[in-house]
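Biologist: Please show me the model, and let us discuss the terms used to describe it.

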Amino acid sequence: MSLPWGVKGEVDPSAADAVTEFVQTLIETKHQLPSGYEITILKADVKERKGNYMFIMRYQILNP
């Protein structure tokens, strides 16, 4: 089993609710990459702190 990886990025406050709704549908899904690797989305959410919204996603990469 490989270790989880993650990404994050800023989200416009006006789009935070829509992004949150969309990323919730990604949790526990698997995606095949063109390289042959497969990723599993472990966690995805939008967090707010001091008026800034941040998209955070954790995923696991599996060997082909």
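This is a predicted model: local features need pLDDT of at least 70, side-chain atom pairs count only at pLDDT 80 or more; totals for chains, interfaces and linings use all residues.

Biologist: What makes up the largest nonpolar core?

Modeller: A nonpolar core is a set of buried Ala, Val, Leu, Ile, Met, Phe, Trp, Tyr and Cys residues joined through side-chain atoms within 4.5 Å; buried means under 20% relative accessible area with a 1.4 Å probe, protein chains only. The largest one has 11 residues in all, among them Val11, Ala16, Ile39 and Phe55. Helix 1 (16-24), strand 3 (38-49) and strand 4 (52-62) each supply at least two of its residues, helices being DSSP runs of H or I with at least four residues and strands runs of E with at least two. Strand 3 gives the most, four residues.

Biologist: Which residues does Ala16 touch?

Modeller: Contact means heavy atoms within 4.5 Å. Leaving aside residues up to four places away in sequence, Ala16 touches Val11, Val46 and Tyr53.

Biologist: How do you know that strand 2 and strand 3 pair?

Modeller: Two strands pair if DSSP finds at least two bridges between them. Strand 2 and strand 3 have three bridges, in the antiparallel sense, and therefore they meet the definition.

Biologist: Why do strand 1 and strand 2 stand at the edges?

Modeller: The open sheet has four strands in the order 1-4-3-2. Strand 1 (4-11) and strand 2 (30-32) each have a single partner strand, so one side of each lacks a neighbour in the sheet.

Definitions and conventions:
Residues are numbered from 1 along each chain as its sequence is written. Side-chain values use heavy atoms; hydrogens and water are left out. Buried means under 20% relative accessible area, exposed over 50%, partly exposed in between (1.4 Å probe, protein chains only).
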